[in-house]
Structure formats: structure tokens, C-alpha cells
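Thanks, everyone. Let me put the structure up, and then I'll walk you through a few spots.

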Amino acid sequence: ITQGLRSKTFGVIFALALIFTYGFVFNSVQINAIANASSHAWGWDKANLIAHLGGVDLEISWVGLALVVMVALAIFGGIKRIAKFAEMFVPLKAGLYLSVALYIALSNYAILPDVLKLIVTEAFHFNAAAGGFFGAAVSMAMMQGIKRGLFSNEAGMGSAPNAAAASDVKHPVNQGLVQMLGVFVDTFIVCTSTAIIILVSGVYQDAGFVGVELTQRALETQ
């Protein structure tokens, strides 16, 4: 920002915004999702440790403490350790998830065309269009779109430039292509895989499951 836009002020504002949002927003959302997933999968309560500090009872999660330790081991080693950890863990995580999604899709190949048809028809259905343009559904549609854009990939959160800037490539275009591929894999392939898992299971018709719990419930039925 400082070099491209010739504005040091905007660069400082962007840096401070990232520090605040990562420290108090993004990490909190991700940790809460992991805690919810652990609670649904193994029955672990999100707050299962009570600490008494100065007459105040603080509820502490074992899952949160474990995540703090693991994240600390990565980030306190500097950018090289973070890159090494991400280089090892992210492809493994994505590969395992996509393998499971592919297995489920192939196991339900008979209804896969109906699932894809459902995605397309409901996206362009008149009721969906009417709901998207009238009343309070406009704000809901915008909110859902913004949420998905923010949390489906690093580009949506605005933090991707930091990782890209730390890379060592012969030409910036090479890193730009990698960043574009990351958005495609995260938003299109992974999100579509999740949609297929949920739709082939039919659990989306049941009330009471949202977010990661809905995906977990869909996986349990396979």
C-alpha cells in the first residue's frame, strides 16, 4: 500500500486493522467453530474448566488451551516456521477432506445428478430471485455472501497479501497465480464438496443443525 498507493497512512491503518481483527475477530470465530465441532463430535463442552481469579470465575476451554499452545509453537518461530507448518498441514488437511468428499460423491453417484440439478435450479429459482430482491431477504443475502467471502479464503479476509509478500519467487506474477489458485480451491472446490456432502445426506432438511454441525451430521450419515 505504501509503495503502490503512495500512502503510508493507509498502510498503517491496514496493518492496525489486521492486528485488531486477527487478535479479536478471525481467531475467535475459528476457535469457536473448532470448539463447536469438538463438542458435537466427542461431547466436549466448550467451557469445561473453571478458574478463580480475583473473585471472578472464568470459564476456560481445554480445546482453546490446546489451540493456543499449537498456534504459539507455529507463530513464535517466525514467518519461516509458519510457512513450513502451513506447507505441511494445509495440503494434508485439504487432501483428506477432498478424499472423503470424493468417496461420498462416488458412493452416491446415482443421486449426484439430482444434487447438482438441485444446486442450479434453487440458485436460479423464481422464489430465490424474489427472496433476494424483496424485503429483509436482501440484507440476509448480502450478509451470507459477505460471511462466505470473508471466511472461505484468505483473500476474502484481506490477509493474503501478507503471506504473498513474504514469498520468495522469481516474478510477482508467479505468486499471483498461486494466490488465484488458492481462491479457486478454497471457494469453488472445497465449498462445492461440502455442499455435495450435505445435499446427498439429506440432513439439510432437518432443523436444528447449522454451520459445522450440519456438515458433521451429514458425514455421520454416510
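How many salt bridges does a search of the whole structure find? It finds 1. Keep in mind that this is a predicted model. The salt bridge joins E220 and R217. Their closest N and O atoms are 3.5 Å apart.

E220 has 46% relative accessibility, so it counts as partly exposed. R217 is at 32%, so R217 is partly exposed as well.

Stay with helix 10. It covers residues 211-220, and it packs against helix 1, residues 8-42. The angle is about 35 degrees, and the axes are 9 Å apart. The crossing of helix 1 past helix 10 is right-handed. Which residues make the contact? From helix 1, we have A33, N36, A37, H40 and A41. From helix 10, it's V212, E213, Q216, R217 and E220. By type, the contact residues split into 4 nonpolar, 3 polar and 3 charged.

Now the core. In soluble globular proteins, nonpolar side chains tend to be buried together. Here, the largest nonpolar core has 12 residues. The members are A101, I104, A105, V115, I196, I197, I198, L199, V200, V203, L214 and A218. Which helices supply at least two residues each? Helix 3, residues 78-107, is one of them, along with helix 9 and helix 10. Helix 9 gives the most, with 5 residues.

Take one core member, A218. What does A218 touch, once residues up to four places away in sequence are left out? I197, I198, S201 and V203. Of those, I197, I198 and V203 are also listed in the core.

Last stop, helix 9. It runs over residues 172-201, and T194 is found there. Is T194 buried or exposed? T194 comes in at 19% relative accessibility, and the cut-off for buried is under 20%, so T194 counts as buried. Setting aside neighbours within four places in sequence, T194 is in contact with Y97 and T215.

Conventions:
Residues are numbered from 1 along each chain as its sequence is written. This is a predicted model: local features need pLDDT of at least 70, side-chain atom pairs count only at pLDDT 80 or more; totals for chains, interfaces and linings use all residues. Side-chain values use heavy atoms; hydrogens and water are left out. Axes are lines fitted to C-alpha atoms, for helices over the stretch in contact, and angles run from 0 to 180 degrees between N-to-C directions. Helices (H or I, at least four residues) and strands (E, at least two) are DSSP runs, numbered from the N terminus. A crossing is left-handed if the near helix is turned anticlockwise from the far one by less than a right angle, and right-handed if clockwise. Contact means heavy atoms within 4.5 Å. Ala, Val, Leu, Ile, Met, Phe, Trp, Tyr, Cys and Pro count as nonpolar, Asp, Glu, Lys and Arg as charged, and the others, Gly among them, as polar. A salt bridge is a side-chain nitrogen of Lys or Arg within 4 Å of a carboxyl oxygen of Asp or Glu. Buried means under 20% relative accessible area, exposed over 50%, partly exposed in between (1.4 Å probe, protein chains only). A nonpolar core is a set of buried Ala, Val, Leu, Ile, Met, Phe, Trp, Tyr and Cys residues joined through side-chain atoms within 4.5 Å.
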